[in-house]
Amino acid sequence: MKSSTCLALILSALLAGGNLFAQQDKVSFVNPIIGTNGMGHTFPGACVPFGLVQLSPDTDTIPHNVDGKYQPRAYEYCAGYQHKDSSIVGFSHTHFSGTGHSDLGDILIMPTTGCLKLNPGTATNPDGGYRSRFSHDTEISRPGYYEVMLADYGVKAQLTTTKRAGIHKYTFPKESENQRIILDMIHGIYNYDGKVLWTSIRVENDTLVTGYRITNGWARANYTYFAMSFSKPVIHYGCDEKAKVDYRGGYGKFNMKENFPDIGGRKIVAYFDFDPASSDELEVKVALSGVSTDGALKNLHAEATGYSFDQLASRAADTWNKELSVIDAKGTDDQMAMLYTSLYHTMINPCVYTDVDGQYRGLDGNIHKADDFTNYTVFSVWDTYRALHPLFNIINRQVNTDIARSMLKHCEQSVHKALPVWSHMANENWCMIGYHSVSVLADAVVKGLPLDKEEVLKAMVSSSTIPYYDGTKELMEKGYVSLDRSGSAASLTLEYSYDDWTIYNTALLAGNREVADRYKKRAMNYTNVFDTSIGYARPRYSDGRWKENFNLLSTHGEGFIEGNGLNYSFYVPQDVNNMIRLMGGDKSFITKLDSLFTMHLPDEFFAETEDVTKEGLLGGYVHGNEPSHHIPFLYMWTTQPWKTQYWQREIMNKMYRNNIDGLYGNDDCGQMSAWYILSAMGFYPVCPGTDQYVLGAPYLPYMKVSLENGKTFEVRADKVSDKNRYVKSVKLNGKPYTKAYITQQDIMNGGELTFEMTSAPNKKRVFAEADKPYSLSTTYQ
């Protein structure tokens with residue numbers, strides 16, 4: 001966002017909501033429009049840090065499938081919004097941030113005037129339904145606030161949120177003959193015919209409506225309860241049941257379509273009319289709960305009742321400014337926008353899944369009480385274990401402690417006794433591979449979060465020994481997952497090996513040598529899929545044969561998920577030294593890395609993979625998808641560590657831009673953004689579960705992190721630039737620092753990490769073995 005645009009937003013904010021920008025110096029940098037076009041899959045609407053509610057416009061309703069056939073364009077709408085669209089369907093209350101698959105879009109509201117329309121219409125024919133055209137010129141998007149003019153109705157829509165409630169303010173045109181709110185209980189993201197299992201709406205009185213819906217989507221059974229209050233009385237209401245109903249029982253004696261307070265059905269769209277003579281403005285407050293309508297009411301009363309829209313918008317902005325102030329930095333306008341937007345994106349998911357009274361719906365479907373922690377949901381751990389949770393262990397330690405405890409409760413409530421794989425709203429959806437919650441817990445333990453090591457280790461062992469889970473039985477028997485068993489066999493084996501290393505290391509910390517020895521052996525299983533004759537990982541069959549006609553570049557049908565053998569072969573974060581040996585030694589390894597970044601990868605090799613696109617490529621390196629995120633830092637184990645510094649900056653310059661297409665890959669609940677923040681500080685957690693962050697080079701001349709222990713950690717690189725991207729020397733608290741990594745304790749102690757930057761590589765700075773980052777084959781205890 002250009003500085004002139006930022007100024008315009010500030011002025012608009014002051015006019016729209018009073019003194020909302022007082023002391024919001026960090027909020028003013030954030031540009032939520034980044035990533036809302038193309039592959040980023042972010043949304044522009046309102047939320048607060050880690051809030052259950054993400055209130056945002058949805059711009060189209062492409063179904064996930066029609067008659068069981070997948071509709072590829074649905075992938076564009078994982079967050080419900082694409083900046084290229086010109087009409088808004090309505091404003092729903094739940095959204096994932098940056099994911100490559102989706103769900104939610106619960107409880108959609110749309111203000112309308114004129115003739116009653118109870119279907120959404122289409123992008124090509126907006127007049128056929130209740131949706132409205134809009135112009136981006138009327139959009140204002142900032143943390144905790146969204147505004148747009150709905151052109152077809154002349155209604156100004158303003159949105160803000162609390163942690164558990166969405167607050168709408170609609171200003172209708174003075175000349176409108178009627179004012180109406182559409183409540184669409186069918187609408188959803190990644191929707192399909194039959195996704196909604198049941199909906200209920202109760203008109204409690206003329207200003208309060210409660211209800212719920214149950215959906216069967218990515219979450220097999222998602223219960224979303226709501227309590228909705230209006231700032232003025234409803235004068236008339238009704239609904240349409242769009243499902244064919246063969247049996248209504250005794251309810252058949254009632255006319256449910258008009259002014260009947262107990263509405264139920266599978267495909268309900270309701271409407272509520274208000275008197276335009278009373279005022280032009282209508283405020284709607286919608287609190288959510290996963291527990292009950294009573295829980296939603298408690299959330300509504302605790303967080304939103306008694307406060308005006310402007311007060312709540314101001315509070316949301318203040319909350320964001322406080323959270324974003326964990327980092328201070330210096331840089332250009334675009335660099336600040338990218339940094340603070342990235343920080344903003346890391347604080348959307350996971351989100352709280354606990355009512356204000358501590359109750360939450362558990363994985364077992366029962367209602368539990370969180371007495372000593374806040375329960376969280378939305379765990380995209382295949383993505384977020386890599387950088388998001390390690391970042392939290394620096395800047396959001398209490399949040400990550402609660403996330404870890406939520407994961408342990410998930411395991412306790414699981415009939416499989418499994419930690420989350422990819423879970424949301426009290427459902428495990430089993431997306432992606434591995435059991436990477438063990439990494440999140442291992443990283444939390446090694447970095448000093450207050451967790452019971454024995455409880456953690458028990459959950460880890462349980463999760464990694466489920467015989468019917470994705471090749472685990474074969475892994476334990478053969479030491480690898482075969483291509484006969486899984487199309488993702490090689491990537492499964494590589495990722496399980498890393499996960500098992502984290503269990504090994506946690507067992508050491510817990511003093512359990514028997515488990516440590518068992519999982520140390522399992523951590524070496526990656527060697528079983530390394531074909532030393534080609535120097536790369538390669539899937540094999542159950543009889544031991546390598547896959548024939550193996551194509552190292554293809555992302556389809558070669559034994560790897562969302563990636564190819566070329567990128568995945570570098571996935572041995574727990575034992576980089578031995579990986580280098582298997583790839584032919586230092587010189588050969590460097591050549592392979594160089595080739596990865598400089599080669600041309602033809603489109604044919606990723607044409608059938610949604611999550612790998614040309615925009616996310618740098619040579620053959622795939623930054624747009626997570627398995628490659630650690631690769632630029634692998635040069636730090638070699639005799640040419642300066643190449644990390646070169647490629648790190650190339651990636652940041654190309655893959656992160658301050659515009660609508662500014663994320664060249666799914667942000668995946670903040671993982672892409674966390675990569676940017678840590679890299680901007682000059683280091684990255686190549687192997688979460690160690691206490692080490694591998695050094696690269698800072699992107700900005702100055703960053704300061706305010707730690708929860710009251711100390712600060714500063715990173716300085718005074719002359720850093722695209723030209724001066726190389727590190728000449730490093731000092732920690734004024735003393736020369738020669739290691740290739742910095743530890744968690746170094747950061748938590750506070751102080752200053754200073755980089756002397758130069759325009760030429762420091763080819764003399766080759767690390768002694770003791771100063772290289774962790775590697776299992778050289779540090780096994």
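## Charges over rings

Let's start with R315, whose charged end sits over the ring of Y307, 4.2 Å from the ring centre. R540 likewise lies over the face of W546, at 4.1 Å from the ring centre. Here a charge counts as over a ring if NZ of Lys or CZ of Arg is within 6 Å of the ring centre and within 35 degrees of the ring normal.

## About the model

This is a predicted model, in which local features need pLDDT of at least 70, side-chain atom pairs count only at pLDDT 80 or more, and totals for chains, interfaces and linings use all residues. Residues are numbered from 1 along each chain as its sequence is written, and side-chain values use heavy atoms, leaving out hydrogens and water.

## Aromatic pairs

Rings of Phe, Tyr and Trp (its six-membered ring) pair if their centres lie within 6.5 Å; planes under 30 degrees apart are stacked, over 60 edge-to-face, and the rest tilted. The count by this rule is 39 aromatic pairs. One of them is the tilted pair of W320 and Y344, with 4.7 Å centre to centre and 55° between the planes. W320 belongs to helix α3 (residues 309-324) and Y344 to helix α4 (residues 333-345), so this pair ties together parts 24 residues apart in sequence. Helices are DSSP runs (H or I, at least four residues), and strands are runs of E (at least two), numbered from the N terminus.

## A ring cluster

Ring pairs also join Y385, Y498, W501, F550, F560, Y568, Y571 and Y774 into a cluster.
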